[in-house]
Amino acid sequence: MEVFLFPLVNVTLFPRTTKPLNIFEPRYLSMIKEAVETQTPIAVGFIEDPAKVIPVRPGETVPFVREVAGYGYAQIIEERLNGTLLVFIQGQGKLRLGKVLDRGAPYMVCEAQIIPEKTVLEPSLRLELNSLHKILTRWIQTHIPDPAQRDIFMRNLTHPEEIVGSFASYLVRDYDLQQMVLEYDDINEKVHFLHRLMESNELTT
């Protein structure tokens, strides 16, 4: 499949979660509008070190982003008078980025291969998932003052993937650990890993 690549510093997109982004750079404004018009998926590439960002030619892989990236579809929420955009990217899954394609666009278009994941939670990990859900619920009640937004957020936490993705996005303060969670291919590994982090207090307050 082909994806538009949006490389961002310390940003990870998880399946079944929504990432709000403010878009202001001209090439990415063009990318978002093209993605919406053509329903092309966007891969959010995790940049560990912005000092290592270099130009990439067609036929090469992108050396400064992690090979595994979350992908989803863009929805334009607001187009401002100055031309900038507020965009939601709805996470669909994850993929392995391949070579950059020659599409003549000001942004990178890449080959990509979807990575299948195990999404069935083992019964033995239900208690650990429930613990993550309780902590996430407390965070939502503390940090989202608007009752309607709180309610929408809570109603969307119906699957293990949604709980795991939201927990990692909002409560794990180490961006490399967020990316590590994304790269696990089994929801059970993700739940167990986050639960261990929770017990070691390696989370946001």
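Me: Which residues lie nearest the centre of the largest pocket?

Reply: T18, I152, F153, N156 and Y170, out of 19 residues that line the largest pocket. This is a predicted model, where local features need pLDDT of at least 70 and side-chain atom pairs pLDDT 80 or more, while totals for chains, interfaces and linings use all residues. Residues are numbered from 1 along each chain as its sequence is written, and side-chain values use heavy atoms, with hydrogens and water left out.

Me: What counts as a pocket or a cavity here?

Reply: On a 1 Å grid over the protein atoms alone, a cavity is a set of points where a 1.4 Å probe fits but cannot get out. A pocket is an open set with protein on both sides within 12 Å along at least five of seven lines, and lining residues have an atom within 4 Å of a point.

Me: How much space lies in the largest pocket?

Reply: About 630 Å³. A volume is the space filled by probe spheres set on the grid points, which are joined across faces, edges and corners.

Me: Which elements supply at least two residues of its lining?

Reply: Strand 2 (18-23), strand 5 (85-100), helix 3 (147-155) and helix 4 (160-171). Helices (H or I, at least four residues) and strands (E, at least two) are DSSP runs numbered from the N terminus.

Me: How do the residues of that lining divide?

Reply: Into 7 nonpolar, 9 polar and 3 charged. Ala, Val, Leu, Ile, Met, Phe, Trp, Tyr, Cys and Pro count as nonpolar, Asp, Glu, Lys and Arg as charged, and the others, Gly among them, as polar.

Me: And the second largest pocket, what volume?

Reply: About 340 Å³. Of its 19 lining residues, F6, P7, E25, R27 and Y28 are the closest to the centre. Strand 1 (2-9), strand 2 and helix 1 (26-38) each give two or more residues to this lining, with the largest share, 4 residues, from strand 2. By class, the second largest pocket is lined by 16 nonpolar, 1 polar and 2 charged residues.

Me: How many cavities of 30 Å³ or more?

Reply: The count is 1. The largest cavity has a volume of about 40 Å³, and its lining is F14, P15, E161, V164, G165, I187 and K190. Helix 4 and helix 6 each give two or more residues to that lining, and the largest share, 3 residues, is from helix 4.

Me: Switching to helices. At what angle do helix 5 and helix 6 cross?

Reply: Roughly 155 degrees, with the axes of helix 5 (residues 175-183) and helix 6 (residues 187-199) coming within 9 Å. Axes are lines fitted to C-alpha atoms, for helices over the stretch in contact, and angles run from 0 to 180 degrees between N-to-C directions.

Me: Parallel or antiparallel?

Reply: Helix 5 and helix 6 are roughly antiparallel. Angles under 35 degrees count as roughly parallel, over 145 as roughly antiparallel, 65 to 115 as roughly perpendicular and the rest as oblique.

Me: Where does helix 2 come in, against helix 6?

Reply: The axes of helix 2 (residues 126-143) and helix 6 come within 9 Å and cross at roughly 55 degrees, which makes helix 2 oblique to helix 6.

Me: What about helix 2 and helix 3?

Reply: Their axes come within 10 Å and cross at roughly 165 degrees, so helix 2 and helix 3 are roughly antiparallel.

Me: Last one: which residues do ring pairs link into a cluster?

Reply: W139, F153 and Y170. Rings of Phe, Tyr and Trp (its six-membered ring) pair if their centres lie within 6.5 Å, and the count comes to 5 aromatic pairs.

Notes:
Phe/Tyr/Trp six-rings, centres within 6.5 Å; stacked < 30°, edge-to-face > 60°.
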